[in-house]
Amino acid sequence: MTPDDVRAAAEQLVYFHERFAPLFGKAQAQDHACDYIKGLMTCPERKSIEPIALLVGHGDVSGLQKFVGAAPWAYDDVMAEAQSLFVEELAPSAAGSPVGVVGVIDESAFSKKGAHSAGVARQHNGRMGKEDNCQVGVFLIAVTPAGSALLDHQLFLPESWCEATRQANDRRDRAHIPEGVAFRTKPRIAAELVRNVAVLGQVELDWVVADDEYGRAGHFLDELELLEQRYVLEVPVTTAFWTTDPAGQVPEYSGRGRRPTNPVRDAVRTAGVLAAELPAGSWQAFQVREGAIGPLVFEFAAVRAWGMRHSKPGPPCWLLIRRSLGAQREFRYYVSNADGETPLSTMALVACTRHRVEDFFEDGKSYLGMAQYETRSWVGWHHHMTLVALAHLFVTLTRLRLKKKSRN
């Protein structure tokens with residue numbers, strides 16, 4: 001996506017905006033929404049409120065600030081309509097795909113100065129690879145062959161913001177954190193995002209994928225299984241698995257003392273050990289996508305096993321293992337609740353879909369002002385990300401239509 005692509009797409013914005021305009025309220029708020037989305041796409045340099053208002057809007061800087069940071073429009077209603085448009089325009093392309101619609105859970109950090117923006121703290125910034133003073137959001141992004149779209153998002157609120165102290169309460173008040181928002185881990189936030197999409201019932205996710213922060217969270221796996229949601233989640237190399245049914249590994253009662261209930265761990269192996277023990281014939285090579293210098297190929301193997309869940313044996317699962325080609329082998333490990341008949345090739349393709357989220361964040365942060373917001377409030381952060389989601393969806397649909405037109 002080039003800046004010229006973005007500017008050309010903005011010419012058709014009025015038709016796109018008509019679908020969402022009623023959700024923003026009065027006419028002035030609808031105009032602010034249109035201005036902000038247009039500014040995210042077309043402002044040549046900084047895409048924050050003042051340049052948007054002065055360069056592409058109506059010059060009302062204060063009004064646009066209030067629209068983003070404090071206006072009462074419900075961002076979840078806007079995201080629900082975005083999901084509906086995704087189902088109409090992008091989801092059909094997944095019908096012929098072996099993996100269907102894949103929901104990618106990922107987080108992204110936004111560096112900030114000061115200590116007053118909602119949720120800001122010294123915490124890990126994945127983009128920088130180190131601790132940073134930043135905000136972190138958790139995002140659920142749907143991926144199809146035709147393009148990706150943000151389905152839902154939520155700001156992570158660190159524990160320091162939730163302490164029962166006057167200082168923490170004052171910070172929350174200044175950032176307008178709703179009273180009902182308490183500390184939750186990122187996997188618990190991710191579970192809520194998936195649940196909300198499922199309850200709304202518009203988007204049907206064929207799979208959910210995420211990195212090992214989510215794959216090692218037993219409660220996250222519990223929630224996905226409760227929703228009957230298939231997943232392929234990365235797990236650490238040290239993750240333990242039973243290679244035989246643990247129900248058959250409980251020692252017989254000797255007639256003395258307490259009756260045994262826990263299985264012995266003779267058949268327990270870590271993911272890394274299981275990968276090392278696999279015979280050469282277990283591995284199959286699959287092309288997972290086109291890389292920068294040609295087809296990207298990995299070798300995969302899968303072991304039917306029982307994972308560890310809450311320090312106890314979990315349900316049957318797949319341990320999926322990916323290794324790179326060449327002399328220096330690099331391994332990745334995944335757990336999946338796919339049924340026993342699922343082809344290895346399908347799980348391999350699903351696992352490697354997660355890279356598509358990088359394209360979404362690259363477009364969002366490089367071209368659509370995703371990280372250039374100036375609002376400090378809780379609702380302001382969610383408003384901004386919702387408008388970025390609309391800008392990204394609009395550009396994706398415009399490029400798709402241009403591609404179809406060029407083929408005719």
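I started with Glu225, which is partly exposed at a relative accessible area of 26%. For my own use: buried means under 20% relative accessible area, exposed means over 50%, and partly exposed is in between (1.4 Å probe, protein chains only).

Before going on, a note on what I'm looking at: this is a predicted model, where local features need pLDDT of at least 70, side-chain atom pairs count only at pLDDT 80 or more, and totals for chains, interfaces and linings use all residues. Residues are numbered from 1 along each chain as its sequence is written, and side-chain values use heavy atoms, with hydrogens and water left out.

**Entry: Arg309 and its partners**

Which residue does Glu225 pair with? I found a salt bridge to Arg309, with the closest N and O atoms 2.9 Å apart. (A salt bridge here is a side-chain nitrogen of Lys or Arg within 4 Å of a carboxyl oxygen of Asp or Glu.) This pair links distant parts of the chain, since Glu225 lies in helix α10 and Arg309 in strand β10, 84 residues apart. Helices (H or I, at least four residues) and strands (E, at least two) are DSSP runs, numbered from the N terminus.

I also found Arg309 in a salt bridge with Asp222, at 2.7 Å from N to O. Buried or exposed? Arg309 counts as buried at 11% relative accessibility, while Asp222 is partly exposed at 29%.

**Entry: other salt bridges**

I searched the whole structure and got 14 salt bridges. One of them joins Glu374 to Arg46, the closest N and O atoms being 3.9 Å apart. Glu374 is in the loop between α13 (356-367) and α14, Arg46 in the loop between α3 (27-42) and α4 (49-55), and the two are 328 residues apart. Arg46 is partly exposed, at 42% relative accessibility.

I noted a network too: salt bridges link Arg19, Glu81 and Glu88.

**Entry: helix α6**

Helix α6 covers residues 75-89, and I counted 15 residues. Its buried residues include Val78, Met79, Leu85 and Phe86.

**Entry: His384**

Where is His384? I found it in helix α14 (residues 378-407). His384 is buried, with a relative accessible area of 0%. Leaving out residues up to four places away in sequence, His384 touches Tyr36, Leu40, Val68, Gly369, Met370 and Tyr373, where contact means heavy atoms within 4.5 Å.

Technical notes
The expected span of a helix is 1.5 Å times one less than its number of residues.
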